[in-house]
Amino acid sequence: GRTHQLNVHCAAFGHPIVGDRVYGLGGDAAPNGGLGPIISQIDGAASVELQRDIASKAAGMNMCVHAKSLSFRHPILGSHLSFESKAPF
């Protein structure tokens, strides 16, 4: 993907990545991935109050992005590969 693509998409759906200082709540970029006030119309979007609560508890943390599991087919052998990892935060 492109740089920041995951960050923008998560913010646009009303679930900015915890600790994202660019696209998260109060970040340098357009709020909620540029959707601004219409974010409240998206079903399941985190409210501004919830985002503020999470942001205050995560203050000073790095971005909390983690893939719990990842699976794919090996491009040459064709075998199925699967990996799991616990979150480091």
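This is a predicted model: local features need pLDDT of at least 70, side-chain atom pairs count only at pLDDT 80 or more; totals for chains, interfaces and linings use all residues.
Contact here means heavy atoms within 4.5 Å. Leaving aside neighbours within four places in sequence, N7 is in contact with I17, D20, Y23 and M63.

N7 lies in helix α1. Is N7 buried or exposed? Its relative accessible area is 11%. Buried means under 20%, so N7 counts as buried.

Now take the helix as a whole. Helix α1 spans residues 5–12. N7, A11 and A12 are buried there. These three cover an arc of only 125° around the axis, which puts them on the same side of α1. Just after α1 comes G14, with a positive phi of about 85°.

A45 and A11 are 34 residues apart along the chain. Their C-alpha atoms are separated by 9.3 Å. A45 lies in the loop between α1 and α2, the latter covering residues 48–57. How accessible is A45? Its relative accessibility is 23%, so A45 counts as partly exposed.

Last, the open space. Rolling a probe the size of a water molecule over the atoms shows where empty space is left. The largest pocket has a volume of about 300 Å³. Its lining comprises 20 residues. Which of them lie nearest the centre? They are I17, V18, G19, L25 and A55. I17 is also one of the contacts of N7.

Definitions and conventions:
Residues are numbered from 1 along each chain as its sequence is written. Side-chain values use heavy atoms; hydrogens and water are left out. Buried means under 20% relative accessible area, exposed over 50%, partly exposed in between (1.4 Å probe, protein chains only). Helices (H or I, at least four residues) and strands (E, at least two) are DSSP runs, numbered from the N terminus. The arc is that of the directions from the helix axis to the C-beta atoms. On a 1 Å grid over the protein atoms alone, a cavity is a set of points where a 1.4 Å probe fits but cannot get out, and a pocket is an open set with protein on both sides within 12 Å along at least five of seven lines; lining residues have an atom within 4 Å of a point. Grid points are joined across faces, edges and corners, and a volume is the space filled by probe spheres set on the points.
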